[in-house]
Amino acid sequence: MKKFLVLLLVFVSALAVFAEEVDWAIEDVAGKPGGTLFLDTTSGPKTMNPAWAQETSSTDIIGWVLDTLVHSSNKGLAELPGLAKEFSAKVTEDGKTVYTYVLRKGLKWSDGEPLTVDDVIWSFEKIWFDENMTANGNAGYMDSNDELPSIVRVDDYTVQFIYNSKFRRGHESIGWTEILPKHVLEPYYNEGKFQEAWSLAELDKVVGSGPFVLKEYKEGVRVVLEKNPYYYRKDKNGVQLPYLDQIIYIIVKDLNTGRLKFEAGETDIYSPTAEEFPEIRAMAEEKGWIVKQGGPNLGSNFVTFNFNAKDPVKRKWFRNDHFRRAIAYAIDKQTLIDVLYNGLGAALYGPVSPSSGFYNPEVENLGFRYSLARAKRELKDGGFVLKGGKLYDADGNQVKFELTTNAGNNVREEIGNILKENLSKLGIEVNFAPMQFNSLVGKLVSTGDWEAIIIGLTGSVDPASGWNVWRLDGGLHFWNYSPEVKPDMYDDALKADYMVPEYEKRIDEIMRLQVTAVDKDELRKLFDEFQMLVAEHQVLVYTVAQNYLIAYKNTVHIYNPEPNPAAGVLWAGWNIWKDQ
Amino acid sequence: MLKYILRRIILSIPVLLGVSIVSFMIISLAPGDFLDSYRLNPAVDAEQVKLLEKNFGLDKSPVVQYFLWLKNMLQGEWGQSFTYQVPVWDLIWRRVGATLLLSITTFIFTWGIGIPLGIYAALHQYSLGDQIVAVIGFIGLSIPNFFFALLFLFFAAKTGGKYFPVGGYISLDYDSFPVWKKFLDIVWHVLGPMITLGTSGLAGTMRIMRGQLLDELKQDYVEFARAKGMPENVVIYKHALRNAINPIITALGFSISGLLGGAVLTENVFGWPGMGQLIIEALLQQDIFVIMADIMLASVLLVVGNLIADILLAAVDPRVRLRLG
């Protein structure tokens with residue numbers, strides 16, 4: 001027995017020698033551990049499988065549970081260390097781009113298994129780089145030659161991704177991708193069932209590396225996240241993070257109920273609508289809330305005109321720069337902001353949100369402010385004539401067109417109504433009829449049978465994520481699809497009439513060049529030009545965006561001093577703490 | 001009787017088949033499909049959408065899709081949900097508990113209160129009590145459910161959640177409760193949606209009961225029984241009531257089909273995790289197999305509910321029994 005104990009002791013001490021000390025990340029924060037943060041969400045996660053999750057209801061939760069190599073700064077740029085303590089990008093002399101990531105030592109999955117460079121390699125090789133394994137496909141990891149990088153294991157902690165070309169986007173796409181536990185998911189992969197892994201039936205099998213782990217999910221009721229004991233961050237006093245013991249998302253479908261719950265003190269953070277905001281602000285002092293307003297949200301709403309409308313007369317107008325500029329002058333952005341967002345919004349003039357680090361404020365100087373007089377002048381310059389209160393083009397055709405949007409979206413419907421009214425003052429007859437979302441998408445991307453549409457796209461900090469919209473061969477270049485991309489939309493006559501204006505060619509070129517612009521100044525210059533081109537020609541006529549609005553209890557200490565839509569109020573959530 | 005039940009079951013097969021064809025057709029006629037949100041997502045390539053179309057079987061014609069669905073369903077496969085990537089049956093099964101709890105308690109509330117009140121109103125026709133009951137019933141009937149629900153929640157929130165919870169299914173510290181308290185907690189939470197749904201059904205049940213009983217009380221056999229000197233209680237509760245209850249039982253058959261249908265608006269406002277929420281999401285996202293499963297389930301329940309109602313009718317009414325023969 002004694003012998004056995006000695007042996008055990010030797011064994012244990014040997015293990016202790018081999019067990020690595022963690023490369024802690026030290027955060028500049030001094031809070032108090034403990035407590036539960038209560039949040040609300042309109043819907044629970046549909047799946048915890050990051051490769052198949054689409055809605056924010058799923059990805060928000062996954063974001064707590066699965067960590068990435070690199071984290072985003074509070075301006076939404078990929079520049080803070082995550083699972084990787086160091087990272088770098090280098091262009092070699094023969095024109096290759098090498099991204100190097102050095103993992104922390106002593107990382108562990110929430111089940112206690114070590115997290116190694118093999119997990120990283122497996123995640124990319126088997127899942128993220130395989131178009132069949134994910135919902136979004138692997139195009140996001142490809143360079144401009146549609147090539148994926150090769151993965152090189154340098155040593156036990158270092159991994160390199162090597163592109164055969166100059167490519168700057170690799171860092172964001174690789175750095176922000178969830179690393180998956182090979183030891184848990186490989187069996188699913190081998191059985192060809194990866195897509196079903198970590199679905200609702202298997203939530204107890206989820207193993208993560210983020211600050212929190214999924215403890216419980218009662219469908220339609222709540223999601224409970226619990227602190228991950230193996231998380232690799234400490235505060236400046238040496239307290240292991242996260243501070244919070246638990247985060248509980250209460251599922252509240254109805255927005256009115258969500259507000260009632262916040263007012264009753266059942267939830268800690270609330271995102272008021274613009275309509276509610278003044279009321280919430282008025283109650284804040286009495287209730288002990290902190291109310292904040294950030295920059296405009298990243299998404300956009302714009303009017304787009306079909307350069308290849310079925311009617312040859314109409315497509316001539318829509319391709320006319322003066323026509324679109326006139327429309328831009330006719331959009332009363334300030335009234336829209338007042339009516340739709342209670343004054344809590346911003347006018348958009350170009351394709352990049354003012355909240356993005358890449359925003360070029362020059363676009364505002366182009367002067368597309370509301371002015372019917374300037375709209376009239378533009379129309380005149382474009383060869384249009386106003387006769388008897390009606391507008392005619394140079395060939396004598398009366399200007400009238402169909403405008404639509406997806407029914408049920410109040411913002412877009414209101415934009416449509418105001419636009420219709422303002423355009424009637426210019427003698428333009430607009431038939432505005434919102435339709436069901438799916439019909440609209442069908443017209444937009446399959447049949448091409450539309451004239452003008454008010455729609456929006458999800459935005460992001462980096463304009464390059466919209467390459468699919470801006471490149472001439474892009475799948476969302478809906479206002480002027482190339483006949484090669486959408487052969488079904490074109491008959492012979494239309495195909496003969498297909499044309500690409502100079503500015504479109506240059507935008508396309510920029511979208512290809514920016515991919516290789518590893519140099520930051522060079523990149524900024526390209527994006528500045530891109531924004532000016534889109535704004536100057538009003539390729540898409542941008543409207544307005546709501547500001548980022550939040551209210552939270554003063555017992556909650558969020559970490560981001562100025563919450564903005566790029567990082568959100570929950571940014572660096574491991575640093576959030578709560579007075580008990 | 002057994003022969004009758006068997007015949008009814010066989011006859012229901014073409015009905016269900018017809019329902020499935022019509023509903024599948026309508027779903028297919030609706031423009032677009034589940035992948036539309038992918039199509040407008042700048043992060044998703046057009047090639048990728050094509051690949052997903054193939055994986056989900058959305059590239060086939062609706063007719064082929066229908067027969068594939070039918071074939072799978074006959075083998076007990078209800079298909080996979082696109083959004084959740086789990087079998088549809090699994091998804092529904094997870095929601096059945098909450099929905100049944102709500103619909104059964106609502107049922108008990110509506111009928112348990114509605115029938116006695118209806119009888120009371122009939123026996124005291126035009127009295128003050130009758131009038132009050134009628135007014136209360138109509139108020140419940142005329143206030144829209146979602147509005148009533150919001151009023152209820154507003155009251156709960158303003159009183160700080162002391163008397164009623166501000167929506168939801170369970171309390172925050174539910175997990176630490178002993179079993180009896182867990183039970184009470186759920187009952188406490190079901191009160192809101194139950195009262196909301198129940199009050200709107202109450203007036204109907206009450207008025208039918210009242211009208212039917214009044215009709216019966218005017219019949220000759222009641223006069224005859226009274227004239228014979230039969231005690232009033234026996235006349236009313238044994239004879240008249242028994243005849244008056246027929247239409248109520250028929251209505252009961254229908255309400256069985258509603259058991260799983262849920263009440264979408266009320267569930268949404270109260271955050272009740274029932275099937276209503278699931279279905280509305282599936283409809284919005286065109287998650288075909290979830291919608292089909294729900295429709296088929298509701299149709300089966302309608303058929304079964306009617307059958308049960310007929311059997312119950314036969315049990316209480318000898319005339320029906322004779323016809324069934």
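Colleague: Why is R315(A) called buried?

Modeller: This is a predicted model. In it, R315(A) has 8% relative accessibility. Buried means under 20%, so R315(A) counts as buried.

Colleague: What makes R315(A) and D497(A) a salt bridge?

Modeller: Their side chains meet at 2.6 Å, N to O. The cut-off is within 4 Å, so the pair qualifies. R315(A) lies in helix α8 and D497(A) in helix α15, so the bridge ties together parts 182 residues apart in sequence.

Colleague: Is D497(A) buried or exposed, or partly exposed?

Modeller: D497(A) has 31% relative accessibility. Buried needs under 20% and exposed over 50%, so D497(A) is partly exposed.

Colleague: Why are D245(A) and K227(A) called a salt bridge?

Modeller: The value is 4.0 Å, N to O. The definition asks for within 4 Å, so the pair is counted. D245(A) sits in the loop between β11 and β12, and K227(A) in strand β10, so parts 18 residues apart in sequence are tied together.

Colleague: Why does K227(A) count as partly exposed?

Modeller: K227(A) has 25% relative accessibility. That value falls between the 20% and 50% limits, so the label is partly exposed.

Colleague: What does the salt bridge between R153(A) and D118(A) tie together?

Modeller: The two side chains meet at 2.5 Å, N to O. R153(A) lies in strand β7 and D118(A) in helix α3, so the pair links parts 35 residues apart in sequence.

Conventions:
Residues numbered from 1 in each chain as written. Chains lettered and ligands numbered in written order. Predicted model: local features only at pLDDT ≥ 70, side-chain atom pairs only at ≥ 80, totals over all residues. Heavy atoms only, no water. Helix = DSSP H or I, 4+ residues; strand = E, 2+ residues; numbered from the N terminus. Buried < 20%, exposed > 50% of the residue type's maximum accessible area, 1.4 Å probe, protein only.
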